[in-house]
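Let's walk through this one together, starting with the overall picture and then zooming in.

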Amino acid sequence: MPGHAPVAAARCPASPECFGGIVESAGSAGAEPVACNRSHYWETFAIAILPAEVRTFDQDAVGADRAVRTVCSETVMLASRRGQARRLPARDWRINVLPPSEAAFSSGTRVHRCLANEIGQQPRVSQFGR
């Protein structure tokens, strides 16, 4: 459509993906995977390929891209919730972008994840799982 930015192809995770805290160092971000039935902070709600013009693993640069922001938007996150999480209003959530790590990017990985966190909570269930 003329005048519209292309929307990146994104998908929900095939199975729930949960993480502890996000660690950022010199622009490279990482998160330790944990089982979703264990206390966790972040959970993946969308997965997509970095747009061609995004040639970096830098978390701020990736998160600033318009196509990435569209995929990792509040609208997508709210539509992806499951179970009790559907009852929580938008203000109860935080969204973050998890780009590939520096090592993964260097080896050719171009997948980024959109993560959500229920502010102040560490659930022991998947809030976005199928």
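**The overall picture**

With 130 residues, a compact globule would have a radius of gyration near 14 Å, and the protein comes out at 14 Å, so the two agree. Keep in mind that this is a predicted model. Along its principal axes, the C-alpha trace spans about 35 × 35 × 25 Å. As for what is tucked away, buried residues make up 38% of the 130.

How far can you trust the prediction? The mean pLDDT is 91, and 93% of the residues reach 70 or more. Over residues 1-6, though, the pLDDT is below 50, and beyond near neighbours in sequence this stretch has two contacts in the model.

Now trace the chain from the start. You'll find four helices and six strands, and in sequence order they read β-β-β-β-α-α-α-β-α-β. Take the contacts with a separation of 6 or more: 67% of them are between residues 24 or more positions apart.

Which strands pair with it? Start with β6 (residues 111-118), which runs antiparallel to β4 and is joined to it by six bridges. Look for Thr44 here, standing opposite Leu115 in β6. Next comes β2 (residues 18-25), also antiparallel to β4, with two bridges between them; in this pairing, Phe19 has Trp42 of β4 as its bridge partner.

**One salt bridge**

Stay with β6 for a moment, but switch to side chains. The model has one salt bridge, and it is formed by Arg113 and Glu17, whose closest N and O atoms are 2.6 Å apart. This pair links distant parts of the chain: Arg113 sits in strand β6 and Glu17 in the loop between β1 and β2, 96 residues apart.

Are the two partners buried or exposed? Glu17 has 18% relative accessibility, so it counts as buried, the cut-off being under 20%. Arg113, at 23%, counts as partly exposed.

How values were computed:
Residues numbered from 1 in each chain as written. Predicted model: local features only at pLDDT ≥ 70, side-chain atom pairs only at ≥ 80, totals over all residues. Heavy atoms only, no water. Pairing = 2+ DSSP bridges. Salt bridge = Lys/Arg side-chain N within 4 Å of Asp/Glu carboxyl O. Buried < 20%, exposed > 50% of the residue type's maximum accessible area, 1.4 Å probe, protein only. pLDDT = per-residue confidence, 0-100. Contact = heavy atoms within 4.5 Å. Rg over C-alpha atoms; globule rule 2.2 N^0.38 Å.
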